[in-house]
Amino acid sequence: MSPDMPLLNDYKQDFFLKRFPQTVLGGPRLKLGYCAPPYIYVNQIVLFLMPWVLGGIGTLLYQLGILEDYHAAALSGGLMLFTAFVIQFTSSYARNKSVTVERMLTTDILAEEDEHEFTDCAGAETIKFLIPGKKHTANIVFHSVLAGLLCGLGTWYLLPNRITLLYGSVGGTVVLFVFGWMTLCIGEYSLIVNTPTESATFQTQDAYEITPLMRPVYIFFFISVDLAHRFMVNIPALEQMNQILHILFIFLPFFWALGTLPPPDALFLWAVEQVLEFGLGGSSMSTHLRLLIMFIISAGTAVASYFIPSTVGVVLFMTGLGFLLSLNLSEMVLVFKHRVTRHRVGTKSNALSSGSEIRFTWREYLFYSIVLVLALLETGLLHHFASFSQISKNSPQAVVGYTLMILFIILWILKEIQSVYIFGIFRNPFYPKDVQTVTLFLEKQTKLMKIGVVRRILINLGVAEYRDCFIGDSHCSSSALAELQCRHVVEQKPGHRNQTLTGLLLPGSHYLGRFQDRLIWIMILECGYTYCCVNIKGLELQETSCHTAEARRVDEVFASAFEQEEYVKLCSINEHFGNVLTPCTVLPVKLYSDARNVLSGIIDSHDNLKEFKGDLVKVLLWILVQYCSRRSSMLENTHKTENKGKASLIILPALNTEPQTESPEDTDSLNSENLDDWFDDVFGEEPTIKKGKDEKDQLKVLPGINLPIPGSVESQNVGSHSTNTVTEESLYQAVALGYPAIDKGKQEAMAYIPLMEFSCSHSHLLSLPEEWMSNCLPNSKMKEMSSLFPEDWYQFILMQLECFPSKENASNVGEEIAKDRVLKDLYVRTVMTCYFSLFGVDNMIPSPGHILRVYSGVLPWSLALDWLTEKPDLFQLALKAFRYTLKLMIDKASLGPVEDFKGLINCLEEYESDWYIGLVSDEKWKEAVLQEKPYLFSLGYDPNMGVYTGRVLTLQELLIHVGKLNAEAVRGQWANLSWELLYATNDDEERYSIQAHPLLLRNLTVQAANPPLGYPIYSSKPLHIHLV
């Protein structure tokens, strides 16, 4: 932020002093950063002056009267054509002859980039340095032919006799001849020898070698005017233009070096756009393809009108097509094709978003038809009355004309009073003085008239784009951003549909939106009748001092406009009139507010953590029951089982089977605290597992991949020495993983899984998946933990379910299922195994670090870890229950305890329907934002303050401050940024262009530039907004 920051640092200043002379001269590198042999410089000078020598031959023969002027030009052009082919083939031969040699790596990267090794005057390295050559073979021929043509016409253009006839001065002829040939040599050198880096850059990559054509294109333009003057005599204006251009011709190298003249590709697109706007009455287009298509159609329409014999037909034809071309035809064609396809298929297709269907209804087509008829009628009347020599002031046409003028003036006034400032200077006396809340703003906004279009765009964009700021934190894809933006852009609220900003909606306009610590940048790309196209960028958060300084100034500008005291005089002056940002209005928009709270005293409270463990069992049970009830409903809806009324046989690890002998090793294994792959240090918001030699033990969940566990029945037959026969006992024998090796004589102490059946015929509606029924804990541990199972809560959950076939006796069915001990034991084992895996081997009160790690998906080591992670669905459910329990603990500490089971269920149902509780980096966080979840919660850790934090996003209607930016100031800063990064290659992190400038908002403007020059958090594709 230092005002003394130089435009370029010391190293870049030396680099610029080497590059700029090369740009001025068209390619010769006469200033190198190292000592080069003299023949390097001599060869470049010879190649530079070669066109002058060849042109001088033709000029001399013409001046001596040996050849005519056009013969002299043809001779010079032919010699240059031959020389250009020789130069290009020499470069190709040198590149093919050179052998690729692996160079030794050096520590000086800059020396590697600049230094070259030369062996002799005509060596391969020398030729490759002097003449890099062309990438494409076609350009070798094309550029060589162009060089010959340029030299021939340039010789004709700079003939001394011709210049003397134009000015009548010998001294002027000498100056124009000498410096004119310098310009020609610069253009020829950049075309066939070595192309310099241009200061005016349109594209970062020149794949088709368009840059070498930049200077010859402008030279040909100057020559074309001279040729027109030669063959179209007696036109004084053309002669004066030719004289002026001959003088400007010698200054072309400076225009090229200073970046005043654009590259040919940018020049072509700019010329097409200008002709489309000012010649054909169109608008700027959002993409190059749309620009070219619209130009071709518009030009074709103008040409076709000349073949219509009737003047009335021409007027009606141009009026009708002019109106149709002003509409968003591309979107209308897509909607039409979608409807035709859907009609043929007979079903509703998802190929097009519902937004397009909403935007183009039969009412809008009717509206367009009525407007078209009125336009044709008005045009016909104009043509009819124009046939009379005089029109009376009292004629209907004059009355209509005056009426339209008055309506336009009223409309302009009404647009102006929608903004907080009139003309950007005087405060609007009708605008509310103090608007800090949505309710207050809406009450005072009934005083204003609500017409226009721009405010409606920004309302809808605010809904989508401010929500994207939260998605941007999770590094979501551009396609998801576009999906959210496109959906919300078309979802307009009736109450906000007519709100507007001030002024005309013009392509190239820039708007800045501010809310809390968020900033969005909106650029109008294209405008038509009833639609516009915009690009939206989200800027970074206030993380740098420069960004914070300019964001503070933005807040001051908006505060002075929208937060005034009631006693302030009506027509006050804008205090920040000279700022690039002019406040426009305040928009009530439904978006996410971001609140971060410190959880000290809650997450580290011993009582809260103790209660957390008890609540976790209840939440786990509730989530599993809900999952199984929904699963059974989906299965029954998809296919009916043939054996519907039969009792279901399941494989259940019973609690009262033969007890397993407990060994000292087993006890030590369960109480071990020496676990190196899971530790308590927390270094960030999302903890990671310790890496190194234990990296193979990290938690890896691979959905859809079930690998056999060593020692399980899938990989071998336990207890059987035969590979051909499998006993029933071996199939039902449970394997406990993570235990010390057991002698063969003790294997009969392992638990068996017998065949058991449900006692209730409806229990299958809540049955757990079969892959969750395996056993991984010893019976002694399971008996110890089963005492924590809340049976009263289990029975209450079953009584509240609504998944039973008959709703009349649902309570009776719930009671019968609750009495099914087999089903209950199944839930006991599954719930308590998940509970054990979440807390690890130590059944102690968890620490806050433990809570954060498990919340982030990092589970401690335990006997049940592998068992749980091999079941992705169950793992996600257990993680979800853990996160719900944490949120429940925070709510109980903040809002008070839950009174009864009914209150607890209501709380969990609210989490399920209205909340997403997880991590910002989760993919589901992005999905929750896209689904417009009312609330989002995430747990984090601030390593700087050493505290645990909770982040809550709340979807609500809040106010956004919107202001209009000076378009010329924005374009000027972006042009400077392009020069600084692409030409001067200034990659300094504290470079001049990103230093804070509160008046120009330079740091924010640089961020909003298109990548790779700018660095917005996200940038949308062109979005078409419907305005009717």
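Mentor: Start with a term: helices are DSSP runs of H or I with at least four residues, numbered from the N terminus. Keep in mind that this is a predicted model.

Trainee: Which residues form a nonpolar patch on the surface?

Mentor: A residue can belong to a patch when its relative accessible area is over 30% and it has no salt bridge. Here the patch consists of Leu-30, Ile-45, Leu-49, Val-53, Ile-57, Leu-75 and Leu-79, and together they have about 510 Å² of accessible area.

Trainee: Which helix gives the most to the nonpolar patch?

Mentor: Helix 2 does, with four residues. Take Val-53, which sits in helix 2. Its relative accessible area is 49%, so Val-53 is partly exposed.

Trainee: What does the side chain of Asn-608 reach?

Mentor: The side chain of Asn-608 reaches the backbone oxygen of Ile-602 at 3.1 Å. If residues up to four places away in sequence are not counted, Asn-608 touches Gly-601, Ile-602, Met-889 and Ala-893.

Trainee: What about Thr-885: buried or exposed?

Mentor: Thr-885 lies in helix 32 (residues 872-895). Thr-885 counts as buried because its relative accessibility is 1%. Setting aside residues up to four places away in sequence, Thr-885 touches Phe-612, Asp-615, Leu-616 and Val-619.

Trainee: How far apart are Pro-264 and Thr-211 in sequence and in space?

Mentor: Pro-264 and Thr-211 are 53 residues apart in sequence, and their C-alpha atoms are 7.6 Å apart in space. Pro-264 is found in helix 12 (residues 264-279). With 14% relative accessibility, Pro-264 counts as buried. Apart from neighbours within four places in sequence, Pro-264 is in contact with Ile-210, Leu-213, Met-214 and Val-217.

Trainee: Next, strands. Which residues of strand 13 are on each side?

Mentor: In a regular strand, side chains alternate between the two faces of the sheet. In strand 13 (residues 1023-1026), Leu-1023 and Ile-1025 are on one side, while His-1024 and His-1026 are on the other. These four residues are all buried, and both faces of the strand are covered.

Trainee: How many bridges join strand 5 to strand 13?

Mentor: Four bridges join strand 5 (residues 531-538) to strand 13, and the two run antiparallel. Within this pairing, Cys-532 stands opposite Ile-1025.

Trainee: Do strand 9 and strand 10 pair in the parallel or the antiparallel sense?

Mentor: Strand 9 and strand 10 (residues 935-942) pair in the parallel sense, over four bridges.

Trainee: Last, which residues are buried in helix 34?

Mentor: In helix 34 (residues 923-930), Trp-925, Lys-926, Ala-928, Val-929 and Leu-930 are buried. Glu-932 follows helix 34, and its phi is positive, near 60°.

Technical notes:
Residues numbered from 1 in each chain as written. Predicted model: local features only at pLDDT ≥ 70, side-chain atom pairs only at ≥ 80, totals over all residues. Heavy atoms only, no water. Patch = residues over 30% accessible without salt bridge, like charges linked within 9 Å, V, L, I, M, F, W, Y side chains within 5 Å. Areas by Shrake-Rupley, 256 points an atom, 1.4 Å probe, with all protein chains shown as cover. Salt bridge = Lys/Arg side-chain N within 4 Å of Asp/Glu carboxyl O. Buried < 20%, exposed > 50% of the residue type's maximum accessible area, 1.4 Å probe, protein only. Polar contact = N/O pair within 3.5 Å; in protein donor to acceptor, adjacent residues only side chain to side chain. Contact = heavy atoms within 4.5 Å. Pairing = 2+ DSSP bridges.
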